[in-house]
Amino acid sequence: MDWEQLPMSSKFRYIALASAGCATILISSACGGGAASAQAAPQTAPVQAISARDKAEGAKAHPQLLEEFGGAETGPQAVYVESIGKNVAVQSGLSNARGDFTVTLLNSPVNNAFAIPGGYIYVTRQLVALMNNEAELAGVLGHEVGHVAARHAAKRQSAATKNTILGVLGAVISGAVLGNSEVGQLFQRGFLQGSQLLTLKYSRSQETESDNLGIAYLRKAGYDPRAMSTVLQALANQNALDARLMGSSNQVPEWASTHPDPASRVRTALARAGSNATGLTNRDTFLTRIAGLTYGDDPKQGVVEGRKFTHPGLKLAYEAPNGFYMMNGTQAVAINGQSGQGKFTTAPFSGDLDAYVRAAFASLTQDNQQRLDAGQIKRTTVNSLPAAYSTVRVNTGNGLVDVTVFAYQFAQDQAFHFVTITQAGGTGTFDPMFRSMRRISAAEAAAIKPRKLTVVNARAGDTVQSLASRMAYSDAPLDRFLVLNGLTATSRIEPGQKVKLITY
C-alpha cells in the first residue's frame, strides 16, 4: 500500500476505460465459460501498425498504470524481461522495431500481465517468479500483445463505455452482504485496484484468439509453443494452493481474484501447440536472470501476514477479524469476509479528525447522488492514538446496511482510516480490528524483511522435502515449493538441477 496522494477519480476513470484495451492472461477462463475448439482458430483482422494516436494515448496512460501497480522494477531482472518482451512483441506485426515497444516489470505481488495499445506491455514480478522458463515468459507476454494485435480494444470499446466500473463490478462484488446497491458499488469503487478493474471480460473467442496468437508468436521466435500450456498449468496450481491456504471460509471469491482458474485452457493450449512440438525454453538462463526478485508484499507498501497487516515505513499494524482475508493494493488494503467488507487507506489531513471522517463519508457518494452524511461523530483513543468514528445506516433498496468510518491521527498532518460495510447491526464484527490499530516500534519495523526469490543448484541427496524446508514460510512450505517449481511430491531432484526457493 503506497500512501502517495493521488487523484483517484481521474485514475479510476482512466483505468475503467483503458481496461478496454487491457486484459490479464490470468482472468481469461472467467471470460466465456470454456475453451473453444483447439482445431478451430478464430479468424483475425489484418494487424494494424501502432499509430501515432495509440502511442500518444499509451504514453499518457503509462505513468498512471505504473503508480497503480506499485511502480516499475529496475535492475538486471527488469532489463531481461524487457528484452524477452520486445523479442516476442515484434512477432506480432504491430511493428518490426523493438524500440516501438515499452516492456515493464511491475513491483506488484499479484499474478498479473496486460498490454495496452501504443506498444506498452506489463508483467508483475510475482507472475514472473511463478514461471519456470523463458518460453513461458514469452508466452504470457505474447498473449497480451495478441489482444492488442487482434484489436480487441476497439471491439470492446462500446461495451467498456456502457459497462463502467460501477455497473460491471459493483453488483458482483457487493454480493450477499449488499445486493445490487448503489451504496455497495460506491463503496467498492473506493478501494478496488487496477488489477481488478482490468478484469472486464473478453469474450471466449477473444481469449482463445489471443492464446493462439501467443502460441504463434512463440513459434516464430523459436520457443517451444507448449510453454503456453505449462504456464497456464502453473497458474491453475497456484490458484488451488491459494484456496487451500485460505480455507473454505476465507477463500478469495472469483471476482476478487486476478487469476481465476485457467485449468480449462491448459489442454486446449497444448493441443494447439502440439504435444510433440519443440523449441527453446532457456530454463537455466531464465532462472539465473530472475534470481533476486522480491516475492510477495514489498515492505515499502506494507506486508500482509495472515490476518495481520504491518507497515514498517509508517510504523503501524492492525489485525483483521477472524474469518476475513486481506488484499494489499497500492492505494488501500481490502478486507473481505462473509459478513462484511472493508478497506484501510488514507486521505489528505488538515489536523481536524472530525472533518477527515466527514470527508471520508462524502467520498463514498456518487456525483449525482445526495452526499452521505457522517451524522454524529464520536471521539475515542485507541492504543494512545486519537480516533474518531461514525456509523451511518443506509437503505440500499435491498435492505439496510451499516457504513462505518473509523479514523486515527498519527501526526499533525497524517491520518489513516478504515471504511467498513455490513448488514444492519453487524458493525461489531469489525470492532476487534478497529481496536487493534497501534504504532509499532523501530525494532518491530526493522524486523520486517522482504522475501526474495533465490535460485540454487541442488546437491547430491537433496529432495523436494529437504529443499522445501529452506522456504521462508512456516505454513505449507512443501506445497509452496512444489507449485513454485512446477514439481510434484514424487519428483526426483538431480544434482546440479536449478530450483527456486523463497528466502529472507
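Me: Before we start, what does "contact" mean here?
Reply: Two residues are in contact when heavy atoms of theirs lie within 4.5 Å. Please also keep in mind that this is a predicted model.

Me: Good. Which residues of H3 and H5 meet, then?
Reply: On the H3 side they are Tyr80, Val81, Ile84, Gly85, Val88 and Ala89. Their partners in H5 are Glu134, Leu137, Ala138, Leu141, Gly142 and Val145.

Me: How do those residues divide into nonpolar, polar and charged?
Reply: The contact of H3 with H5 has nine nonpolar residues, two polar ones and one charged one.

Me: How does one describe two packed helices anyway?
Reply: One gives the angle between their axes and the distance between the axes.

Me: And what are those values for H3 and H5?
Reply: The axes of H3, residues 76-89, and H5, residues 134-149, cross at roughly 55° and come within 9 Å. The two helices are therefore oblique to each other. The crossing in which H3 passes H5 is right-handed.

Me: What about H5 and H11, at what angle do they pack?
Reply: The angle is about 90°, and the axes of H5 and H11 are 8 Å apart. These helices are therefore roughly perpendicular to each other. From H5, the contact uses Ala135, Glu136, Gly139, Val140 and His143. From H11, it uses Ala227, Met228, Thr230 and Val231. Five residues of this contact are nonpolar, three are polar and one is charged.

Me: Where does H18 sit relative to H11, and how far apart are their axes?
Reply: H11 covers residues 227-246 and H18 covers residues 477-485; they pack with their axes 9 Å apart, at an angle of about 165°. Angles over 145 degrees count as roughly antiparallel, so H11 and H18 are roughly antiparallel to each other. Their crossing is left-handed.

Me: Which residues meet there?
Reply: Ala234, Asn237, Gln238, Leu241, Arg244 and Leu245 of H11 meet Asp479, Arg480 and Val483 of H18. By type, the residues of the contact are four nonpolar, two polar and three charged.

Me: Let me pick out Arg480. Buried or exposed?
Reply: Arg480, which lies in helix H18, has a relative accessibility of 18%. Buried means under 20%, so Arg480 counts as buried.

Me: What does Arg480 touch?
Reply: Leaving aside residues up to four places away in sequence, Arg480 touches Leu241, Leu245, Met471, Tyr473 and Asp475. Leu241 and Leu245 belong to H11.

Me: New topic: aromatics. How many aromatic pairs are there?
Reply: The structure holds 18 aromatic pairs. In one of them, the rings of Phe344 and Phe416 have centres 5.9 Å apart and planes at 35°, so the pair is tilted.

Me: Where do Phe344 and Phe416 lie?
Reply: Phe344 is in strand S10, residues 340-346, and Phe416 is in strand S14, residues 414-423, so their pair ties together parts 72 residues apart in sequence. Both Phe344 and Phe416 are buried.

Me: Which residues do ring pairs link into a cluster?
Reply: The cluster consists of Phe309, Tyr318, Phe324, Phe344, Tyr389, Phe406, Tyr408, Phe410, Phe416, Phe418, Phe430 and Phe434.

Me: Last, the whole protein. How many helices and strands?
Reply: The protein has 18 helices and 17 strands. Of its 504 residues, 56% are buried. Among contacts between residues at least 6 apart in sequence, 70% join residues at least 24 apart.

Notes. Residues numbered from 1 in each chain as written. Predicted model: local features only at pLDDT ≥ 70, side-chain atom pairs only at ≥ 80, totals over all residues. Heavy atoms only, no water. Axes fitted to C-alpha atoms, helices over the stretch in contact; angles between N-to-C directions. Helix = DSSP H or I, 4+ residues; strand = E, 2+ residues; numbered from the N terminus. Parallel < 35°, antiparallel > 145°, perpendicular 65-115°, else oblique. Left-handed = near helix turned anticlockwise from the far one by under 90°. Nonpolar A, V, L, I, M, F, W, Y, C, P; charged D, E, K, R; others polar. Phe/Tyr/Trp six-rings, centres within 6.5 Å; stacked < 30°, edge-to-face > 60°. Buried < 20%, exposed > 50% of the residue type's maximum accessible area, 1.4 Å probe, protein only.
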